[in-house]
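Colleague: Hi! Could you walk me through the side-chain contacts in this one?
Modeller: Happy to, let's open it up.

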Amino acid sequence: MAAGRGNTTQEYLKNGLMDPACEIKPKNGHINGKNKNGLNGKNGAHEQQSEWQDDFHESFEETPLLVAILTYLGYALLVVIGQIRDLMRAYGIEKDKSCTEPKLEGFVPLFLSWESFYTRNLYRRVRDCWNRPVASCAGVRLDVMERTSPDFGWNFQLTGKKLDVMNFGSYNYLGFAESSGPCASAVHDVVQKYGVGVCASRQEMGYMDIHKELDDLVAEYLGVEAAMTVPMGFATNSLNMPALVSKGSLILSDELNHASLILGSRLTGAVIRTFKHNDMADLEKKLREAVCEGQPRTHRPWKKILIVVEGVYSMEGSIVRLPEVVRLKKKYKAYIYLDEAHSVGAMGPHGRGVVDYFGLDPSSIDILMGTFTKSFGSAGGYIGGSKRLINHLKVHAHSFIYSSAMSPPVAQQVISSMRIIMGKDGTQEGMRRIRQLAWNTRYFRKRLHDRGYIIYGNKDSPVVPLLLYMPSKVAMFSRETLRRGMATVVVGFPATPLIETRARFCLSASHTKEMLDKALKIIDDVGDMLRLRYSSLPPPDFSEKGIQLIE
């Protein structure tokens, strides 16, 4: 994939992939890139609906108008008060300046003014809702260290007390982030044999037999020819993408893609165009324009067109419409880069991600990317695909060449958990966890919908966003749920749109039905206090009854 130059306009015409009216023809020294009726005179509307679409349910209820207005007013009030406070600091009326940048003679400010203002006057008020120190294994339960602030969020002090709470905020989808059990025992043995660090890159003295075992196992697990692993999940995207596309190529990126994909796309030097989230009509429109019009100014054919999507979108709980993306990829001779960070292990009947979930052939995806930081309870990431692709990345990708090789105990954690998922340990423990997670997901989502909350995402996504909207409710929801014994994550601007702040629950196979019911009771108590039942739509029609659990 990386070495190929892509298809010329003549090849598209020859293969019947372009209407002749789309042919790029010089006219008065310029290129006419207009098309007539789309590809082969069709707009794709005549295709029959596939079976997967009958069972594909996602919910994205619009923000109520009154709630949106009140949310904007809340932020406006905070900004006005912040400006007054900054004015008071400038004239010495308010003495606390611990979050302002010192003015150095001859230097311009290091921080951006709006970011500093937002941190001082908005984020500082709710700092206690984030960065909470944890003093235990981040399993199904954890110990959160209690903090107090004597100066309204400028500084924090530990009280010495630990809060034993249910964990609904970690990406521990299959429950392998444990301090005991077969994975922990195997990791302990590896530490005794290899130590805890490699202290060299793979191309020097850091390539061990355990890394070879991990690469081979990942390839087998994904069902691809080869795979390579790197020690950091974020770098798997940001430092591998520049080795795949470059100047003269086009990246079509979903508007909700993760920051690592955005950074990786920018580092490539390719032209980046976003398409509306999961909107296949918009994606096809941009693909058609790219094929017909070519590159800006010169209108030469693009060297490569790369469609970049995620399996599960971690902030929305949405699942990519992968079969339609694959159809468009084949129709327009593009490539697919699929980020399965939140879906591998957590989706599909065999836990192999959205490719498994939709029953697709892994070879139909050109670049399969994922991380080990979620379902496998470890660290690092992988790229899977053809042998030619992996050999190319091993020679050109900075994440493979310049980073220190993965720590042996980290690699062993992945190997042990992956073998359990695949059933190579001789038990059904992996399948039990996969089905338990699927059951927990539908059970939890269905009951939140039934209670009248606005819930985003797909019915099978283990990421469950509950919309809170107003900034004051974001802080109160986090504080009140923690006080009642439930740790969760709240997300606000700028990580989300201003009027779509939310609480994000992450489900795990380790959550029992009793835990889910207790969590729902806590959400109801806090939801009634804060008046969070905003939904005006009827509850969706799905349930967990069709999922057969393994005892």
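Colleague: Which residue lies over the face of Phe-156?
Modeller: Arg-147 does, at 4.4 Å from the ring centre. A charge sits over a ring if NZ of Lys or CZ of Arg is within 6 Å of the ring centre and within 35 degrees of the ring normal.

Colleague: And what should I know about the model itself?
Modeller: It is a predicted model, where local features need pLDDT of at least 70 and side-chain atom pairs count only at pLDDT 80 or more, while totals for chains, interfaces and linings use all residues. Residues are numbered from 1 along each chain as its sequence is written, and side-chain values use heavy atoms, with hydrogens and water left out.

Colleague: Back to charges over rings. Which ring does the charged end of Lys-446 sit over?
Modeller: The ring of Phe-542, with 5.9 Å to its centre. Lys-446 also has a salt bridge with Asp-450 (3.5 Å, N to O). A salt bridge here is a side-chain nitrogen of Lys or Arg within 4 Å of a carboxyl oxygen of Asp or Glu.

Colleague: Where do Asp-450 and Lys-446 lie?
Modeller: Both are in helix 15, four residues apart, about one turn of the helix. Helices (H or I, at least four residues) and strands (E, at least two) are DSSP runs, numbered from the N terminus.

Colleague: Is Lys-446 buried or exposed?
Modeller: Buried, at 15% relative accessible area, whereas Asp-450 is partly exposed at 41%. Buried means under 20% relative accessible area, exposed over 50%, and partly exposed in between (1.4 Å probe, protein chains only).

Colleague: What does Arg-433 form a salt bridge with?
Modeller: With Glu-429, the closest N and O atoms being 2.8 Å apart. Arg-433 and Glu-429 both lie in helix 15 (residues 429–450), four residues apart. Arg-433 is buried at 10%, while Glu-429 is partly exposed at 25%.

Colleague: New topic: how many aromatic pairs are there?
Modeller: There are 16. Rings of Phe, Tyr and Trp (its six-membered ring) pair if their centres lie within 6.5 Å; planes under 30 degrees apart count as stacked, over 60 as edge-to-face and the rest as tilted. Trp-52 and Phe-358 make an edge-to-face pair, 5.3 Å centre to centre with 85 degrees between the planes.

Colleague: Where do Trp-52 and Phe-358 lie?
Modeller: Trp-52 is in helix 2 (residues 51–54) and Phe-358 in the loop between helix 11 (354–357) and strand 13 (367–371), so the pair ties together parts that are 306 residues apart in sequence. Trp-52 is buried at 16%, and Phe-358 is buried at 12%.

Colleague: Which cluster do ring pairs make with Trp-52?
Modeller: One that links Trp-52, Phe-56, Tyr-357 and Phe-358.
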